[in-house]
Amino acid sequence: MSNLSTKKSDFVVAALIVVIVTTIYGARLGALPIVGEESRWGTAAREMLASGDWIVPRQQGRVFAERPPLTIWAIAVMGALRGEVDPIAVRLPSVIAVVLTSLLIFGYARSCVSRFAAWAGALAYATMAQVAQIGRMGESESLFTLLCGASLLLWHLGYVKKWPPLATWTLGFGFAALAAMVKGPQAPTYFVAITSVYLLWRRDWRYALSWHTAVGGLVFVAIIAAWQIPFYLATDWQATIATWTGLTEDRIRLAGLAQHIITYPLETFVCLLPWSPILVALISRKTRALLADDATVVTFLLTSLAVAYPTVWIAAGGRGRYFMPLYPCAAVLIGITIDRCSMAVRSDYPRRAWHQFLLLCGALIVTNGLIFGVAGALPDHWLAALFQPRWFAISFAAAATLATYLAWRCYRSGSRRTCYVAITAIACMVGLAATGLMINVDVGHWNDLTGAVAGLKEKMPAGASLVSFSPIEHRFAFYYSKPIAELGWPLTLDDLPSDVDYFCFMRNEGDTAARRVCGRGRNWTTTPGTLPFAWEEIATLYSEREVSGELPRSVVLGRVVRPLRAEVSDATVPQAAASKSRLAARAW
């Protein structure tokens, strides 16, 4: 095949990857309510656009020194393009990042191994359980994974292909700096540690100690300094330190470490499903022997995974998603393993491992298809328990039947064409489950504040401004959409500004009249649980993600009673309950 024909084929495959991944992650992007950290970055992006200050992220006008601002910048840019920071603007950067990461994996792998291995690796990353769960959300992990993965894979590609060392080190350090602008020092630490260990393994210290490396380091410093210096000048040293060290402090602790060390590998295995079972084949010497021709690539991938994994394995605060920046490396390794095992001699273990993988995936697909197919034939109240429309349950069952058949054909035939089809079918079923089944379930469970906040606004006069006593829940602030000025908790009547009529505050489980907790991010404190003036409780809004019968954390909307008078009241319980308690006390 000519070089031009090869490039055309690669372009077609890359285009198909874009279509598949974009369809999976772009579909129903606004179906779910904003939850978790999405509203943190969304409200900060909204304030950034309103103020024009792109240096200092803020929430309710206060410095938001949780982490560097690249995620907020990305959301703010999307908000500017769309005209508002809505759920689509919050999530688009993550979707684009997943698509670009899949292309990065394909490009890197295709430069070193077969097209099929590159195809399998790209689709494997996009349909890993963890990526499918978080890749469509307005979180920072997808963007961080793209930039961290680019720093490692592009550096290694430049090293293997003998690009100019200056370009190789500049690319590596440049993307590591951009990744650091998302989540702090994790990415540059990984980049320096992994490249150092890899070059030590190859006994190529001259490459590491050249002047090109120093220039790459200067590029890293320049990218960080371009934001960091103005941020420091606009804030202070404490905010600067908090921005870079907060995430590390959250993760490194001893409590629960023994249990974490035992359970975290299992959690990683689950996060990489349905593709992680094929990696078990690497335990066999015969499988590793098949990878000998790709030793340069495989060695780098294994080095990357081995160097990075202890940082989340021996950190009791580590969660499954904290290892996500290394998923591109795992995806390439999965693609190579699938490629080699699927073409191995039928009687050898690697081929049997491939068959076992197909059988496992087929069993999972057909089981889920059977469940939802049967559910589609049941009465409506039975189907409602699964939160699935009847048409979708039946359609999912039909798609599962087709995917199982395609996997079975690959099992029987083993040709390269059927392998392509089987991998694509498995990936599409994961995408359909994530885009269909899981979104339907989450829509049924998650608490959408849109209607509740709209109803709350109707209870306020047109043009009335709202303030909060101490920080307000960022999820409520996102849905309220208008600015909510943050004031301190009033301790005396004089602490209440004369122009405040409507206010809100957080009511938490365990708060008492003597002590209530309040804060934002990592900064929490306590105040008394009483207000020193007469007020009326207008509404209470449940602000947590999950719908529940309990109200452990809620937003309270209150109105100051005019003319203003002093009256100490317990703000930690609903006013109706407090009134009944006072009447009962008087009667006694």
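1. Let's start with the salt bridge between Arg115 and Asp10, whose closest N and O atoms are 2.7 Å apart; the term covers a side-chain nitrogen of Lys or Arg within 4 Å of a carboxyl oxygen of Asp or Glu. The pair links distant parts of the chain, 105 residues apart, with Arg115 in helix H5 (residues 115-126) and Asp10 in helix H1 (residues 3-26). Both Arg115 and Asp10 are buried, where buried means under 20% relative accessible area, exposed over 50%, and partly exposed in between (1.4 Å probe, protein chains only). Asp10 and Arg115 also belong, with Arg110, to a network of salt bridges.

2. A word on the model, which is predicted: local features need pLDDT of at least 70, side-chain atom pairs count only at pLDDT 80 or more, and totals for chains, interfaces and linings use all residues. Residues are numbered from 1 along each chain as its sequence is written, and side-chain values use heavy atoms, with hydrogens and water left out. Helices (H or I, at least four residues) and strands (E, at least two) are DSSP runs, numbered from the N terminus.

3. The count of salt bridges comes to 19. One of them joins Arg520 and Glu486, with the closest N and O atoms 3.2 Å apart. This pair links distant parts of the chain too: Arg520 is in strand E6 (residues 516-520) and Glu486 in strand E4 (residues 484-487), 34 residues apart. Arg520 counts as buried because its relative accessibility is 15%, and Glu486 is buried at 12%.

4. For a pair in another setting, have a look at Arg565 and Glu567, a salt bridge with its closest N and O atoms 3.6 Å apart. Arg565 has 43% relative accessibility, so it counts as partly exposed; Glu567, at 34%, is partly exposed as well.

5. Two cis peptide bonds are worth a look when you check the backbone. One joins Leu273 and Pro274, with omega about 5 degrees, and Pro274 is in the loop between helix H13 (257-271) and helix H14 (285-290). Another joins Arg562 and Pro563, with omega about 0 degrees; Pro563 is in the loop between strand E10 (553-560) and strand E11 (566-570). Most residues other than glycine have a negative phi, and most peptide bonds are trans.

6. Gln60 counts as buried because its relative accessibility is 12%. Lys162 has a positive phi near 60 degrees and is in the loop between H7 and helix H8 (165-183). At 71% relative accessibility, Lys162 counts as exposed.

7. How do helix H7 (residues 141-160) and helix H9 (residues 186-201) pack? Their angle is about 25 degrees and their axes are 10 Å apart, which means that H7 is roughly parallel to H9. H7 passes H9 in a right-handed crossing.

8. Finally, the surface: Ile229, Tyr232, Leu233, Trp237 and Ile241 make a nonpolar patch of about 560 Å². Helix H11 (211-234) and helix H12 (237-251) each give two or more residues to the patch, and H11 provides the largest share, three residues. Leu233 is in helix H11 and is exposed, with a relative accessible area of 65%.

Key. Patches are made of residues with over 30% relative accessible area and no salt bridge: like charges are joined within 9 Å, nonpolar side chains (Val, Leu, Ile, Met, Phe, Trp, Tyr) within 5 Å. Accessible areas come from the Shrake-Rupley method with a 1.4 Å probe; for residues, only the protein chains shown count as cover. Axes are lines fitted to C-alpha atoms, for helices over the stretch in contact, and angles run from 0 to 180 degrees between N-to-C directions. Angles under 35 degrees count as roughly parallel, over 145 as roughly antiparallel, 65 to 115 as roughly perpendicular and the rest as oblique. A crossing is left-handed if the near helix is turned anticlockwise from the far one by less than a right angle, and right-handed if clockwise.
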